[in-house]
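Here is a briefing on one protein model.

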Amino acid sequence: MQSYIQRHVNAPLLRKVVSRRTYHSVFIHTGIADNDNDAMDYVKGWAYQQSFLHRRLQVQRLINSGEENDSFQTWDQDKILFLEHSPVYTLGRGADEEYLTFLDDVDDGEIIRNRLSRRNRGPDSCRLDSSSLLKHLAPLKFDGKSDISVDDEVDIICTKAPRPVMAPNDVPIYRIDRGGEVTYHGQQQLVVYPLLDLRREPYQQDLHWYLRSIEEVIIQTLAEYGIEGHRDSINTGVWVGPNKIAAVGISSARWITTHGFALNVNPNLDMFDTSVIIPCGIEGRGVTSISNEIGIGQTVNLLDVSTVVIEKMRHVFGADDFVNSTKLNL
């Protein structure tokens with residue numbers, strides 16, 4: 001089946017990929033709170049991504065070396081994480097610290113700048129770095145007996161994570177391993193992390209295609225709420241008029257994607273205030289949300305929006321077998 005993007009968006013950019021394993025199922029993992037007071041810490045959500053990716057890469061290496069194990073299929077599967085984070089600011093791997101606009105106005109601005117520097121990989125860095133954190137994990141045997149659980153692995157990663165710096169509004173800040181500039185995550189924002197092996201059908205082994213596909217999912221999701229979203233000719237993400245409603249920042253390892261997108265459903269838009277950050281490093285543009293666009297008196301639920309997103313991902317990516325899996329520990 002051809003995906004929506006293959007038929008309609010940037011078709012000349014697609015490359016033919018041959019001799020690839022086929023897609024089986026996409027497993028949905030949710031980490032969205034049942035109330036407004038709870039949300040998943042950003043480091044924990046990042047750690048879940050790294051644990052799932054780490055296990056999958058190990059399994060694929062074993063498969064490629066000729067080993068067979070009934071448990072391999074469990075870990076060599078596509079996953080999508082639907083999360084709601086507690087407040088955090090994150091900088092992409094090459095993001096400019098100058099887009100943290102408060103740095104020149106606080107006494108410890110130079111210390112914060114140095115700890116967040118893209119060049120700083122020392123013990124005082126605020127970088128969430130998978131290569132340094134995963135070394136604390138024991139190799140997995142996939143024998144169904146001796147391996148620790150994903151939740152235990154996530155807890156280990158979280159305990160070894162660096163201490164963040166804090167913005168003036170008491171929100172932690174980290175540098176992470178995605179593309180893009182500084183952005184905000186928080187309550188009432190739907191954060192979606194697809195972990196997809198782009199070498200498998202029906203996907204394309206093309207990160208540009210993948211990014212445009214993600215944007216198309218967001219545009220089609222917004223249309224269900226009567227909102228006309230659009231791309232920008234220069235900047236990634238999805239916009240409503242001049243204002244950004246969804247940020248996109250991706251990464252990949254051996255063509256398996258991590259990170260993804262953040263769709264503003266009904267977050268506190270004051271957290272994007274330019275006295276703290278220049279959202280996505282784009283000056284002179286605003287930020288909006290689904291609730292802001294549909295008007296007062298209309299309520300939008302994160303879980304309802306996630307259901308719409310799943311349907312649009314089915315359509316855009318041409319993958320039908322989405323399976324509800326586990327609810328992640330907050």
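This is a predicted model: local features need pLDDT of at least 70, side-chain atom pairs count only at pLDDT 80 or more; totals for chains, interfaces and linings use all residues.

Residues are numbered from 1 along each chain as its sequence is written, and side-chain values use heavy atoms, with hydrogens and water left out.

**The sheet**
- Strand S1 (residues 26–31) pairs with strand S2 (residues 78–83) in the parallel sense, over six bridges.
- Strands (E, at least two residues) and helices (H or I, at least four) are DSSP runs, numbered from the N terminus.
- Two strands count as paired if DSSP finds at least two bridges between them.
- Strands of a sheet pair through backbone hydrogen bonds, either parallel or antiparallel.
- Seven strands make up an open, mixed sheet in the order S8-S9-S10-S7-S2-S1-S11.
- At the edges are strand S8 (238–240) and strand S11 (322–327), each pairing on one side only.
- From one strand to the next, the twist averages 15 degrees.

**Helices across the sheet**
- Helix H7 (residues 207–223) lies across strand S7 (189–195), S8, strand S9 (243–253) and strand S10 (256–264).
- H7 runs at about 145 degrees to S9.
- Helix H9 (residues 302–317) lies across S1, S2, S7, S10 and S11, at about 35 degrees to S7.
- Contact means heavy atoms within 4.5 Å.
- Axes are lines fitted to C-alpha atoms, for helices over the stretch in contact; angles run from 0 to 180 degrees between N-to-C directions.

- On a 1 Å grid over the protein atoms alone, a cavity is a set of points where a 1.4 Å probe fits but cannot get out; lining residues have an atom within 4 Å of a point.
- The whole structure has three cavities of 30 Å³ or more.

**The largest pocket**
- A pocket is an open set with protein on both sides within 12 Å along at least five of seven lines.
- The largest pocket has a volume of about 340 Å³.
- Of its 25 lining residues, Arg 178, Gly 179, Gly 180, Val 248 and Gly 249 are the closest to its centre.
- S9 supplies the largest share of this lining, five residues.

Notes
Grid points are joined across faces, edges and corners, and a volume is the space filled by probe spheres set on the points.
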